[in-house]
Structures are given as structure tokens and as C-alpha cells.
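Colleague: I've got a model open and I'd like to talk it through with you. Could we go one question at a time?

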Amino acid sequence: NTSYTDYINSLRVEEAKVIIRNPESEKFTLIAIGLEVGFNSKSAFNNAFKKYTGFTPSEFKKNKN
């Protein structure tokens with residue numbers, strides 16, 4: 001019961017979470033990670049990340065949930 005866009009964005013967010021948790025990802029900015037997983041802008045990445053996790057990417061990175 002989700003749209004195609006919501007489904008794709010949820011997969012992108014899950015991939016971003018995997019990358020953020022990886023200790024080697026410290027050398028990448030959050031926007032670089034967002035672009036790598038397929039988002040076209042920082043705001044689109046932040047909005048989708050918050051929608052699916054309840055955290056902003058920077059909050060998530062700080063806590064490594």
C-alpha cells in the first residue's frame with residue numbers, strides 16, 4: 001500500500017543507513033552518501049530519511065542507530 005516513489009525512497013534510506021554505519025564512511029559527507037544512494041538533493045535526502053527513520057541523517061550518524 002505504498003507508492004513506487006515511497007518504496008524506492010525507503011530502499012535508498014536503508015542503503016544510506018548501511019553506509020553511515022560503516023566505519024569507512026567517516027570520510028564521506030552526508031550529502032555525498034545521499035547522492036550515492038540516488039537522491040537528487042540534500043533536502044530530498046533529509047526529508048525521506050526523517051520520514052522513514054524518525055531521525056535526520058546527522059542525528060542518525062551521531063547515534064549510529
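Colleague: In which helix does isoleucine 19 lie?

Modeller: Before I answer, note that this is a predicted model, where local features need pLDDT of at least 70, side-chain atom pairs count only at pLDDT 80 or more, and totals for chains, interfaces and linings use all residues. Residues are numbered from 1 along each chain as its sequence is written, and side-chain values use heavy atoms, with hydrogens and water left out. Helices here are DSSP runs of H or I with at least four residues, strands are E runs of at least two, and both are numbered from the N terminus. On that basis, isoleucine 19 belongs to helix H1.

Colleague: Which residues does isoleucine 19 touch, not counting residues up to four places away in sequence?

Modeller: Contact means heavy atoms within 4.5 Å. Leucine 30 is 11 residues from isoleucine 19 in sequence and 9.9 Å from it in space, C-alpha to C-alpha. With residues up to four places away set aside, isoleucine 19 touches Ser25, Ile33 and Val37.

Colleague: How many helices and strands does the protein chain have?

Modeller: Reading from the N terminus, the elements go α-α-α-α. That gives 4 helices and 0 strands.

Colleague: What is the radius of gyration of the protein chain?

Modeller: The C-alpha atoms fill a box of roughly 35 × 20 × 15 Å along the principal axes. The radius of gyration is taken over C-alpha atoms, and the globule rule is 2.2 Å times the number of residues to the power 0.38. For 65 residues the rule gives 11 Å and the chain's own value is close to that, so the chain is as compact as a globular protein of that length; its radius of gyration is 11 Å.

Colleague: At what angle do helix H1 and helix H3 pack?

Modeller: Two packed helices are described by the angle between their axes and the distance between the axes. Axes are lines fitted to C-alpha atoms, for helices over the stretch in contact, and angles run from 0 to 180 degrees between N-to-C directions. H1 (residues 4-21) and H3 (residues 42-53) have axes 9 Å apart, and their packing angle is about 90°. Angles under 35 degrees count as roughly parallel, over 145 as roughly antiparallel, 65 to 115 as roughly perpendicular and the rest as oblique, so H1 is roughly perpendicular to H3.

Colleague: Is lysine 17 buried or exposed?

Modeller: Buried means under 20% relative accessible area, exposed over 50%, and partly exposed in between, using a 1.4 Å probe and protein chains only. Lysine 17 lies in H1 and touches Phe49, Thr53 and Phe60, leaving out residues up to four places away in sequence. Its relative accessibility is 14%, so lysine 17 counts as buried.

Colleague: Which residues is lysine 64 in contact with, leaving aside its neighbours within four places in sequence?

Modeller: Lysine 64 sits in the segment after helix H4 (57-63), and at 32% relative accessibility it counts as partly exposed. Lysine 64 and isoleucine 20 are 44 residues apart in sequence and 7.5 Å apart in space, C-alpha to C-alpha. Leaving those neighbours aside, lysine 64 is in contact with Ile20, Arg21 and Glu26.
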